[in-house]
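The following exercises are to be worked with the sequence and the structure at hand. Each task is followed by a solution in steps.

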Amino acid sequence: MKQALPLVVRAWWQRLISPLDLPLLGICGLLLLLAVGVMGSASPERIGSQLTNMALALVIMRVVAGLSPQRLASVAVPVYLVGIGLLIGVALFGDISKGARRWLNLGFMRVQPSEIMKIAMPLLLAWFFHQRTTRLRLVDFFIAALLLLVPVGLIMRQPDLGTALLVLAAGFYVIFFAGLSWKILAGMALTALAAAPVAWSFLHDYQRNRILTLLDPEKDPLGKGFHIIQSTIAIGSGGIFGKGWREGTQAQLEFIPEHHTDFIFAVFAEEFGLVGNVVLLTLYGMLIGRGFVIAAQATSLFGRLLAGSITMIFFTYVFVNIGMVSGLLPVVGVPLPLVSYGGTSLVTLFIGIGMLMSIHKSRMLVQK
Amino acid sequence: MKIIHDDNALGKFHSRLAVAGGFVLLCFVLLVLRFAWLQIIQYGYYQTRAEDNRISLVPITPSRGLIVDRNNVQLANNYSAYTLEITPAQIDHLERTIDDLATVIDIQPKDRKRFKKLLEESKNFESLPIRSRLTDEEVAKFVAQRYRFPGVDVKARLFRHYPKGAFASSTLGYIGRITDRDLDKIEAIDQEANYRGTDHFGKTGLEQHYEFELHGTTGFEQVEVDAGGRAVRTLARTAPVPGNNLTLTLDAELQSIAEQAFGDRKGALVAIEPSTGGVLALVSMPNYDPNLFVDGIDTQSWKDLNESPDKPMVNRALNGAYPPGSTFKPFMALAALTYGKRTAQQTIFDPGFYTFGSHTFRDDKKGGHGTVDMYKSIVESCDTYYYMLANDLGIDNIARFMAKFGFGSVTGIDIDGESKGILPSTDWKKKRFKNPAQQKWYAGETISIGIGQGYNAYTPIQLAQAVATLANNGVMFRPHLVKFITDSRTGEHKLIESQPVKKIDLNPEHIEVIKQAMIGVNKEGTGARAFAGAEYVSAGKTGTAQVFSLKGADYKHHSIKQELRDHALFIAFAPANAPKIALAVLVENGGFGAQAAAPIARQIFDYYLLGKRPKAPAAVDEAAVERDDE
């Protein structure tokens, strides 16, 4: 009996970690540790609830990792359709918050369907291309583009430009990895450039203001420009080695807006300096690199496309968030992956990581 | 899952991955370059700016716009009062400081609770009120002890004040502390910067609807602060711009006469100038004192107001939906003329009841009204005439006609949250009920619609708009309370449109028939006692809305519990040939329209047209015709 217990525990532990990819888990663990550290400076009272969010996200990651890629592929269409249904529901009956219709009240909980689309989109398109294993024709790309533009359009109408662009990017990555010819990609790029002035006229005033604010933040020092001015001051004044943990004046005197969510990078950069920034980027780089390895080794087209696009979504979050906080990109509501406070994005990201693990695991099964 | 061993495809995928990897690397290099720029090359500059962040921007709240009536009587203004404020950033032991303060100045547990709440929501450097409205004595007491309390100060702040107290309360509305929901509205129009430093927000009535006009533009002061956040000196100042003033179409004197006319009865009154749509009086009784809300209402008063069975917080004029009773009849008659179902001369015989299928609809005059033409049907309020008419018109014709007068849709008055009421039709019933058996409209249901009962339910403002439109020969205006907005910067007047919304296509001869009959009501009919001896010609129609079905028994006013008594209604306009005022009065559980509602209208007209002030609230005329209409 005495010996049996550890054995049972060991077997249970084995089963628990068997679908997990340890390098990926290790990198995520380091990022989460770092997140707790930064939260301890930016908003210590939120550590408890963020630890709960992390635990929940890890459990969900484990569940997703335990599913086979076939299983993931089989839910692609239903998840997409439910997502579209919910988006239409939002457009018709959504709760209005901060001038936009983004939330749907289901009675027992409030959901933000655009968040579901961030996962559903690459899942569906990866499934779609996988079905067409023969040589891909141009018409396939057209259908894919259509499948992509429906939710993007719905999200843009909410209006939520930031999320719409992220979902667009997520779908685009799949199409890109599926092998859309460079000529067409170049054509699309040129069209986008030409369409920019037209798009400008369709933007809401507040969206234009954000772009104008980026060009000259000092114009609106009390309003939107305040965010960018204060976060660049925070980053710049951090210098090479930073002011030290909990020593950042910008963060501690609350000059940095939303310093525990979207602008948490400014807190980190002020207190840990350039050195800290390079460490953080290295961690993200390792995570992205591991994602590429998983994509490269994936045995099915579905796995490759999904892994490749999830990895690139991760990169997009990192780049858009840090670019925004350091004044390179306009202010859009994108959190810093795994570090910003908030349960929703954490869960979404860990579902993605769980999928990467699931894809990697299936490769090993095939090899065996 | 199919496994592809197509080396070509795999190779292509790998090359795409390589491109993506290159892109990621490029972007990361870009970020690192940006960091190097900010953190190495520009380090000195940002270092200084972080130090300079000791210069803080302190918002200066603008004073809120005034609300005055059409004769410039102030209905909402601001007064300056002293508040005791604490700057938490300058204090080490907050609790202890407050305890010490309490020995000098009276601080209640409720003040502490409010302060704690403010503290949680506040930004740094802000000073927060622990007590407001200090007396001069309290100010003197504190000033003498000020040296003991660094970080605590007395400040002069502006407070909203409603000089007339419990007056037009649901019309003016009130302001209260900003909540998250208010913040959403502020963010929706990108006004966060302008609301820095603002504590209050319009919650109901005009204060809510015109919040962004009344608020003004926040100014700011650049203040140099030392390391602890203490202000050392002011460097620059941008003055705030006060909010815009509202001048109402409302006549405060008329409003207060109307409110007093109700005495302690519940109800609503809406008086409109037919030629503009300007609202002269908008009454919902009982009133409450909006001053209670300005500084955060205490729990007990809030409970009292909210849980009172009289529901003072409900704006009955806009949100109470009542069956119109017989005030519906003039509009029914007009529909009959317009759709050619009756002529003015055509008569019916009223035996005192109307039978439809197996059901008998009673007229409340025992033995009936005898031979009745259109004039008599309105003057005596004959039910049988309208039972028959409703059946001849059919529900959808009624609905189509009444919709033109605005029944069943919001009037668009400049107060938020108006109710639509219910304009019954076959379509409405289909949408209203889920059960297919209930969705069907039965012809029998149309009969009582004819006398303004049944599913019918309209707000007093809809009734007033309809009677004003009738008085104005079919030219309809959107009722509005604000006459013009005065721009505080330029002094210019922004007029609120008083262009007609539309002209209802009606035959002038038909309108004249109805108007003559309504004049008859006040001369020789159900309204005659209330308007006896009036020095002007007025037109009206009484109405009584059933709250409680008698199931064939006789209605005895005094033997029925008050909350089940009928609602008294009256619609009227005067002078009849060139109407200057049109109104709808509703007295909840007041009994007959002729008894309870018409005398109120008389007082309003006497004051508005002749300047006569009533000596006492409009008395209930117990001797007025017995149950004139159902």
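Two strands are taken to pair if DSSP finds at least two bridges between them. The structure is a predicted model, and the exercises apply this criterion to it first.

**Exercise 1. Determine the strand order of the open five-stranded sheet of chain B, and identify which strands stand at its edges.**

Step 1. The order of the open sheet in chain B is β12-β11-β23-β22-β21, and the pairing is antiparallel.

Step 2. In general, strands of a sheet pair through backbone hydrogen bonds, in either a parallel or an antiparallel manner.

Step 3. Within this order, β12 (279–285) and β21 (539–545) of chain B each have a single partner strand, so one side of each lacks a neighbour in the sheet; these are the edge strands.

Step 4. From one strand to the next, the twist averages 5°.

Step 5. Helix α10 (residues 252–261) of chain B packs on the sheet, where it touches β11 (267–272) and β12 of chain B. The direction of α10(B) makes about 30° with that of β12(B).

**Exercise 2. Describe the pairing of β22(B) with β23(B) and with β21(B).**

Step 1. Strand β22 (residues 567–574) and strand β23 (residues 581–587) of chain B are antiparallel, paired over seven bridges. They form a hairpin with six residues between them.

**Exercise 3. Are the residues of β22(B) buried or exposed, and which of them point the same way?**

Step 1. A residue counts as buried if 20 or more other C-beta atoms lie within 10 Å of its own.

Step 2. By this criterion eight of the eight residues of β22(B) are buried.

Step 3. In a regular strand, side chains alternate between the two faces of the sheet.

Step 4. In β22(B), B:H567, B:L569, B:I571 and B:F573 point one way, whereas B:A568, B:F570, B:A572 and B:A574 point the other way; all are buried.

**Exercise 4. Characterise the packing of α14(B) against α17(B).**

Step 1. Helix α14 (residues 329–338) and helix α17 (residues 395–404) of chain B pack at an angle of about 105°, and their axes are 10 Å apart.

Step 2. α14(B) is therefore roughly perpendicular to α17(B).

Step 3. The contact brings B:F331, B:A335 and B:T338 of α14(B) to B:N397, B:I398, B:F401 and B:M402 of α17(B).

Step 4. By class, the residues of this contact are five nonpolar, two polar and no charged.

**Exercise 5. Which residues and elements make up the side of chain B that touches chain A?**

Step 1. The contact takes 50 residues from chain A and 41 residues from chain B.

Step 2. On the side of chain B, the elements that give two or more residues are α1 (7–41), α2 (43–52) and α7 (180–188). α1(B) gives the most, with 18 residues.

Step 3. This side of chain B has 23 nonpolar, seven polar and 11 charged residues.

Technical notes. Residues are numbered from 1 along each chain as its sequence is written. Chains are lettered from A and ligands numbered from 1 in the order in which they are written. This is a predicted model: local features need pLDDT of at least 70, side-chain atom pairs count only at pLDDT 80 or more; totals for chains, interfaces and linings use all residues. Two residues are in contact if their C-beta atoms, placed from the backbone, lie within 7 Å. Helices (H or I, at least four residues) and strands (E, at least two) are DSSP runs, numbered from the N terminus. Ala, Val, Leu, Ile, Met, Phe, Trp, Tyr, Cys and Pro count as nonpolar, Asp, Glu, Lys and Arg as charged, and the others, Gly among them, as polar. Axes are lines fitted to C-alpha atoms, for helices over the stretch in contact, and angles run from 0 to 180 degrees between N-to-C directions. Angles under 35 degrees count as roughly parallel, over 145 as roughly antiparallel, 65 to 115 as roughly perpendicular and the rest as oblique. A residue is buried if 20 or more other C-beta atoms lie within 10 Å of its own, exposed if 12 or fewer, and partly exposed in between; C-beta atoms are placed from the backbone.
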